[in-house]
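This note comments on how the two ligands are held by the protein. Please read the points below with the structure open.

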Amino acid sequence: MKRIGLVGARGHVGRELIRLLAGREDMGLAFASSRAMAGAPATALAPEAPEGLTIEALGPEGVAGKDVDAVVLALPNGEAAPYVAAIEAARPGAVIVDLSADYRFDDAWAYGLPELQGRERLRGATRIANPGCYATAGQFCVAPVRDRLAGPAHLFGVSGYSGAGTSPSRRNDPVALADNLMPYGLTGHLHEREMSRHLGGEVRFSPHVAAFFRGLIVTAQLEFADPLDEATLRNAYVRGFADEPLIEIVEDRVPEITDGANQNGAAVGGFALGEDGRRAVMVCALDNLLKGAAVQAIQNLALALELDEFDGLV
Ligand SMILES: NC(=O)C1=CN([C@@H]2O[C@H](COP(=O)(O)OP(=O)(O)OC[C@H]3O[C@@H](n4cnc5c(N)ncnc54)[C@H](OP(=O)(O)O)[C@@H]3O)[C@@H](O)[C@H]2O)C=CC1
Ligand SMILES: CC(=O)N[C@@H](CCC(=O)OP(=O)(O)O)C(=O)O
């Protein structure tokens, strides 16, 4: 049984990770760190947590002192570096999976989107940057046809408000969101840069947050250099994601939020082609807390520790 430590356990993603780890026999939660919940049983965060495990408030040195195989950092952006430095000094061989955006642009870290980046770099890796939630859905919409694009892909995204984390803000305030849809990050959202970098082509992204708690959808406008027929468009996705158990290709209708929310995997569909075959619209729905975060982290932990990637997930 590989021993996994979790920092940021009180967050929405931390709770999902505790639940998913409880579903595996080859990895288990060895410690859970939260400053606000220190001293409480881990079952207060998620009923599936190991009985008898008490939440601790661990700083970087405290985390680095723990005898674990891997540490998952589920902290807000900008907080990971001291933890990484302390773990690197004390146990350089330990696996670190960071859920924030802090290392997604760092070539020394493997970018952990197994379905698209390939698994070779993730197997046995010790530093893995988990992708962003919209960035995961956006890349699933664009990657199978990226080489055919005539220009930037234009992506429209709507997320549930759990995407904005637990620190109070307008973007996770149910009162401000009631009967509302909030555009934000109108230019330069971090996931715009993340997608552009990892797709190797420019993306324009318009994020929105809505009044539902979890799940997100990305609708992608794609323009092609040469016309495509519908069979070619469908085949690009069907073949591109063949043998990927966490990606469902939806061929008979357009995916909606409910196709992704509370699901471990992503639903990809749309397949709407303009009359001249030069433009298509694709859609991806997934759960921002699951395939957009915690499920992806479990896949990455399993690959890094050379375990079954999909155990407990499919
Ligand atoms: N929410 C989502 O949909 C997604 C989130 N992510 C990423 O996953 C990570 C976790 O997300 P989420 O669960 O929403 O995060 P939260 O904003 O809920 O933060 C997680 C926890 O981190 C702890 N924390 C906050 N600041 C610090 C600090 N300075 N030092 C130590 N601990 C701190 C807090 O617990 P306490 O105060 O008790 O210590 C908090 O509950 C983030 O990097 C996020 O960007 C990625 C994809 C999707
Ligand atoms: C609604 C909302 O605010 N969503 C977040 C998505 C958070 C996320 O996926 O991630 P990273 O911070 O890990 O990139 C946002 O747009 O920043």
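Predicted model: local features only at pLDDT ≥ 70, side-chain atom pairs only at ≥ 80, totals over all residues.

1. In the side chain of R104, an N or O atom is 2.6 Å from an oxygen atom of ligand 2. For G163 the backbone is involved: one of its N or O atoms lies 3.2 Å from a nitrogen atom of ligand 2.

2. Which residues surround ligand 2? They are N77, L99, R104, C133, Y134, G163, A164, R171, Y184, H189, H191 and V209. By class, this shell consists of six nonpolar, four polar and two charged residues.

3. Turning to ligand 1, its shell contains 25 residues, and the closest are R10, S34, R35, L75 and T166. The shell divides into ten nonpolar, twelve polar and three charged residues.

4. Several backbone atoms approach ligand 1. A backbone N or O atom of L75, which is among the closest residues, lies 2.5 Å from an oxygen atom of ligand 1. In G11, a backbone N or O atom is found 3.4 Å from an oxygen atom of ligand 1. The backbone of S162 places an N or O atom 3.1 Å from a nitrogen atom of ligand 1. Taken alone, ligand 1 exposes 890 Å², and the protein buries 87% of that area.

5. What is the location of ligand 1? Ligand 1 sits in the largest pocket. Two elements give two or more residues to the shell around ligand 1, namely α1 (12-22) and α10 (290-304). At the level of domains, the shell around ligand 1 draws at least three residues from each of domain 1 (2-130 + 293-305) and domain 2 (133-286).

Methods. Residues numbered from 1 in each chain as written. Chains lettered and ligands numbered in written order. Heavy atoms only, no water. Near = heavy atom within 4 Å. Polar contact = N/O pair within 3.5 Å; in protein donor to acceptor, adjacent residues only side chain to side chain. Areas by Shrake-Rupley, 256 points an atom, 1.4 Å probe, with all protein chains shown as cover. 1 Å grid on protein atoms, 1.4 Å probe; cavity = no way out; pocket = protein on both sides within 12 Å on 5 of 7 lines; lining within 4 Å. Sits in = over half its atoms within 2 Å of the grid points. Helix = DSSP H or I, 4+ residues; strand = E, 2+ residues; numbered from the N terminus. Nonpolar A, V, L, I, M, F, W, Y, C, P; charged D, E, K, R; others polar. Domains from an automatic or database assignment.
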